[in-house]
Amino acid sequence: MNGPELVSVAPTCRLCAGPVREWMDLGRQPASNAFPRPDETDAERFFRLAVGICAECTMVQQLEAMPTDHMFRADYPYRSSTSDGLRRHFEAVAGWLRDTELTDRADLVVEIGCNDGAMLGVLGASGVRHLGVDPSAGAARTAVARGAEVRVGFFDEVSAAAIRAERGPAKVVFSANTISHVADIGTVFRGVDRLLTSDGIFVFEDRYVADIVEYAYFDQIYDEHFYLFSVRAVDAMVARFGFELVDVERIPIHGGSLRFTVARPGARPRRASVGRMIDEEAQTAIGEYDTYLRFARQIERVGADLVALLTDLRDAGRRVVGYGATSKSATVTNFCGIGPDLVPFICDTTPEKQGRLSPGMHIPVRPHAAFADPYPDYALLFAWNHAEEIMAKERHFVAQGGRWILYVPHVHIV
Ligand code: SAM
């Protein structure tokens, strides 16, 4: 099914209504986290994954949006806690919020997109008043088992008003890797406006577009990452919704992310980090169309090099296996046309993905145990953002002569 009724198309900026200039078309793409069973492939939905930049507010955004109820369903398979690094990160975030902001017993924290409770479970165990909001019922069940309280559904102005009526205002609203996913982002900010105390903070973490461009992380572009944030564009966006960006810091998550701290205007001092990073972005032309055109050419080169390498390896009789059926891998496989002929299967530790097919290209996803049974000659590392953790865990693969294939910032073998 691939009808125009399935996507929402906006030729102008969703934030400021300025003109959006397209700089890359990554082609027909599926929902990156919808892994069909072998008998479900006819029901897959596709959209045109095209990215542009607003000539006025400089927000990088997709031109078409996959419907949210297709992306974030009850069986959404992503789980934050499958990565030790992410689990440690969210434990640290929970400790930081508990010790700096949530110091009064009455303080409430609401997490948008709490997933399996990697962050909220820690706060729940510390006795902090909290609520997670997430439409992914399966992930929410795991969060509840970890001791977190979760409202299953989307966060928007309606659910925020209901939460406020039931529990009072929130001192902190937190969200990681979720705010950039919401095309209709105004509904999130109007919800935060209804919920936040006068001196509260809205903290959100998301991938940084400058890192994506610098390191050619083109597979960070997929349906869920509707916006790619820069500091300048987020500063303008939050002001439009009646808030102030008061702090921004780099965090080493997913190859390079930012933690934005937003407050009501004048409620918190604005730190120098905001102006400093906006100046840095001006120097590196991160708000300019030509920067993205150059990036688009680099993406095309990487795609061609990867297909050439995989074709050569197949023709030479080498076995290549995919490692990590990540959301990112949907972009790479569908953009490059990489199917089971080049990569016969992808191994993944997430039970919800195993026995299913990769979105769009239908590469079988097999349990992690299949990786060593027997080891392939090469492993194509789709989960490159956890490379250190994975390479340490799989040192026997290399010890037995195996090699990793990476494709960012360029195709190489290690
Ligand atoms: N916060 C976790 C992390 O950083 O690992 C999970 C991130 S996951 C990529 C995005 C999560 O946001 C999913 O669990 C999804 O169901 C949830 N989500 C998407 N849109 C949402 C919305 N409008 N309100 C609440 N949760 C949402």
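Cys-347 has Arg-366 in β16 as its bridge partner. The model is a predicted one, in which local features need pLDDT of at least 70, side-chain atom pairs count only at pLDDT 80 or more, and totals for chains, interfaces and linings use all residues. Residues are numbered from 1 along each chain as its sequence is written.

Strand β15, residues 346-348, pairs with β16 in the parallel sense over three bridges; strands are DSSP runs (E, at least two residues), and helices are DSSP runs (H or I, at least four), both numbered from the N terminus. Two strands pair if DSSP finds at least two bridges between them. The open sheet to which these strands belong has six strands in the order β16-β15-β14-β17-β18-β19, with mixed pairing. Its edge strands, β16 (365-367) and β19 (412-413), each pair on one side only.

Helix α11 (residues 327-336) is mostly covered, with 10 of its 10 residues buried, that is, with 20 or more other C-beta atoms, placed from the backbone, within 10 Å of their own. Among them are Lys-328, Val-332 and Phe-335. The buried residues of α11 pack against β2 (20-30), α10 (289-315), β14 (320-323) and β15, contact being a distance within 7 Å between C-beta atoms placed from the backbone. After α11 comes Gly-337, with a positive phi near 70 degrees.

The UniProt record, an unreviewed entry, places "domain: Methyltransferase putative zinc binding" at residues 13-72; such annotations may be inferred rather than shown by experiment. Over residues 13-72 the chain is 7% helix and 42% strand, and the end C-alpha atoms lie 23 Å apart.

Methods: Buried ≥ 20, exposed ≤ 12 C-beta atoms within 10 Å, placed from the backbone. Contact = placed C-beta atoms within 7 Å.
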